[in-house]
Amino acid sequence: MQSSSVPSLASIENWPVPTAAAAVVRADGTLAGSYGPTGQRFPLASVTKPLAAYAVLVAYEEGAIDLDEPAGPEGATVRHLLAHTSGLAFDENRVMAAPGARRIYSNTGFEALGDHVAKATDIPFAEYLHQAVLEPLGMASTSLEGSPAKDGVSTVDDLVRFAAEVQAPRLLDARTVLDAMTVTYPGLTGILPGYGHQRPNDWGLGFEIRDGKSPHWTGATSSPRTFGHFGQSGTFLWIDPDARAACVALTDRPFGAWAVEAWPPFTDAVLAELRAA
């Protein structure tokens, strides 16, 4: 299926990438439009994190773990790990700050989350993610092939299913999802990878929150409540509660200056068409 009520999706043809696919799904779960090979599997890089976080939240609701139980470095909790405030370094098992003191974006923290859930449930985290999130949502083309921080592989079609779930939760209580999209440990500063120091650098539980960040990978007209994630493999997923829609874009070119230039005007065009529909 190609672009319908969102013709600006076709502008991904102009992105300097070998292959790209994109789609928009409304809050009621209907597909507003899609473009490109939406069934092609792409490495997600850090767009893996929202999927992993959702599985962690399922484990919480099932009673396997508690958000405020110890996990990761001394003094840290599951909540700290989800919100990138455990103090762990970006990509090594080294503590750089006290829990809750700074927003340090951490792949290591998400790997600690995966280990924590695996031990609590006695199920390897990739399998837990499959059973808790992927299988129930019909995400048959999605798999976790390593680190829960960055080694997911998926399709636009599957991520549309996930984005529809987050907007109208069936696997989680809506209050849990509201917590995930609400700033956790407000006021913390930190570096948003690719975009520099942000004051504040707001995050929820596994989701980055736009708020007033500038520069940012979403659009100038994206609402402050917009949340989601982008990945270093040239991928993103945003959900804008005010627009009542979500957008997924996957490519096979690493994130770089091209994405910084292309993504915000693309998002603004999508949002303008959604408002006009």
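This is a predicted model: local features need pLDDT of at least 70, side-chain atom pairs count only at pLDDT 80 or more; totals for chains, interfaces and linings use all residues.
Colleague: What share of the residues is buried?

Modeller: Of the 277 residues, 57% count as buried.

Colleague: And how does the radius of gyration sit with a compact globule?

Modeller: It agrees. A compact globule of 277 residues would have a radius of gyration near 19 Å, and the protein has 17 Å. The C-alpha atoms fill a box of roughly 50 × 40 × 35 Å along the principal axes.

Colleague: How many helices and strands are there?

Modeller: Seven helices and 11 strands.

Colleague: Let's do the sheet. What is the strand order in the open sheet of six strands?

Modeller: The order is β2-β1-β11-β10-β9-β8, with antiparallel pairing. The edge strands are β2 (31–35) and β8 (208–209), and each pairs on one side only.

Colleague: Is β9 mostly covered or open?

Modeller: Mostly covered. β9 runs over residues 227–231, and five of its five residues are buried. Both faces are covered. F227, H229 and G231 lie on one side, with G228 and F230 on the other.

Colleague: How many bridges does β9 make to β8, and how many to β10?

Modeller: Two bridges join β8 to β9. Five join β9 to β10. Both pairings run antiparallel. On the β10 side, H229 stands opposite L237.

Colleague: What happens in the hairpin of β9 and β10?

Modeller: Three residues lie between the strands, and G234 takes a positive phi near 85° in that hairpin.

Colleague: Then what joins β10 to β11?

Modeller: Five bridges, with the strands antiparallel. β10 covers residues 235–240 and β11 covers residues 245–251. D240 stands opposite A245 in β11.

Colleague: Switching to helices. Why call α3 largely enclosed?

Modeller: Because 11 of its 15 residues are buried. Among them are F110, L113, H116 and V117. The cover over the buried residues includes α1 (48–61), α2 (78–82) and α4 (125–137).

Colleague: How does the span of α3 compare with what it should be?

Modeller: The two agree. At 1.5 Å a residue, the 15 residues of α3 (107–121) should span 21 Å, and the end C-alpha atoms are 21 Å apart.

Colleague: What sits at the ends of α3?

Modeller: S106 caps the N-terminal end, with a side-chain oxygen 3.3 Å from the backbone nitrogen of T108. Just after the helix, D122 takes a positive phi of about 60°.

Colleague: What about the loop between α2 and α3? Is S86 buried or exposed there?

Modeller: S86 lies in that loop. S86 is buried, with a relative accessible area of 3%. The cut-off for buried is under 20%.

Colleague: What does S86 touch?

Modeller: Leaving aside neighbours within four places in sequence, S86 is in contact with P73, A76, H80, L81, A97 and P99. Its side chain also reaches the backbone nitrogen of L88 at 3.2 Å.

Colleague: Which residue in that loop has a positive phi?

Modeller: H84, at about 55°, although H84 is not a glycine. H84 is in the loop between α2 and α3. H84 is buried, with a relative accessible area of 1%.

Colleague: And what is phi for Y185?

Modeller: Near 55°, a positive value in a residue other than glycine. Y185 is in the loop between α6 (174–180) and β6 (190–192). At 25% relative accessibility, Y185 counts as partly exposed.

Colleague: Last one. How far apart are E127 and L144?

Modeller: They are 17 residues apart in sequence and 8.4 Å apart in space, C-alpha to C-alpha. E127 is in helix α4. At 35% relative accessibility, E127 counts as partly exposed.

Conventions:
Residues are numbered from 1 along each chain as its sequence is written. Side-chain values use heavy atoms; hydrogens and water are left out. Helices (H or I, at least four residues) and strands (E, at least two) are DSSP runs, numbered from the N terminus. The expected span of a helix is 1.5 Å times one less than its number of residues. Buried means under 20% relative accessible area, exposed over 50%, partly exposed in between (1.4 Å probe, protein chains only). Contact means heavy atoms within 4.5 Å. A polar contact is a pair of N or O atoms within 3.5 Å; within protein, one must be able to donate a hydrogen and the other to accept it, and residues adjacent in sequence count only if both atoms are side-chain atoms. The radius of gyration is taken over C-alpha atoms; the globule rule is 2.2 Å times the number of residues to the power 0.38. Two strands pair if DSSP finds at least two bridges between them.
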